[in-house]
Amino acid sequence: MNVKRTFGTILTILGIVGLIYTAVLFANTAGSERDIKSLIIYGVLGIVFFISGINLIKTTKDES
């Protein structure tokens, strides 16, 4: 069992969940300043988790 690949999968799933949550907030937003701040925070965190998870999966060698 490769721990790096598993951690990369977990990060990727967290990133996808963060991006979906951002999309739901965006669809239900009223345009206030608080809504925009939360959209930016969740969106950036989702993108960071997603990209780091994908890169970790890609760069980990499969040593079976």
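**Starting from one side chain**

Author: Happy to. V48 counts as partly exposed because its relative accessibility is 45%; buried would be under 20% relative accessible area, exposed over 50%, and partly exposed is in between (1.4 Å probe, protein chains only). This is a predicted model, where local features need pLDDT of at least 70 and side-chain atom pairs count only at pLDDT 80 or more, while totals for chains, interfaces and linings use all residues. Residues are numbered from 1 along each chain as its sequence is written, and side-chain values use heavy atoms, with hydrogens and water left out.

Reader: Thanks! Which helix does V48 lie in?

Author: V48 lies in α2. Helices here are DSSP runs (H or I, at least four residues), numbered from the N terminus.

Reader: And which residues make the nonpolar surface patch?

Author: I10, L14, Y21, I36, I40, I41, Y42, V44, L45, V48 and F49 make a patch of about 990 Å². Patch residues have over 30% relative accessible area and no salt bridge, with nonpolar side chains (Val, Leu, Ile, Met, Phe, Trp, Tyr) joined within 5 Å. A salt bridge would be a side-chain nitrogen of Lys or Arg within 4 Å of a carboxyl oxygen of Asp or Glu. The areas come from the Shrake-Rupley method with a 1.4 Å probe.

Reader: Which helix gives the most to the patch?

Author: That's α2, with eight residues, though α1 and α2 each supply at least two.

Reader: New topic: how many aromatic pairs are there?

Author: The count comes to one. Y21 and Y42 pair edge-to-face, 5.1 Å centre to centre with 80 degrees between the planes. The pair links distant parts of the chain, as Y21 is in α1 and Y42 in α2, 21 residues apart. Ring centres must lie within 6.5 Å, and planes over 60 degrees apart count as edge-to-face.

Reader: Is Y21 buried or partly exposed?

Author: Y21 is partly exposed, at 42% relative accessible area. Y42 is partly exposed too, at 36%.

Reader: So what is buried in α1?

Author: G8, L11, T12, G15, G18 and T22. The buried residues of α1 pack against α2 (33-59). Take T12, with a relative accessible area of 10%: leaving aside neighbours within four places in sequence, T12 is in contact (heavy atoms within 4.5 Å) with F49, F50, G53, I54 and I57.

Conventions. Patch = residues over 30% accessible without salt bridge, like charges linked within 9 Å, V, L, I, M, F, W, Y side chains within 5 Å. Phe/Tyr/Trp six-rings, centres within 6.5 Å; stacked < 30°, edge-to-face > 60°.
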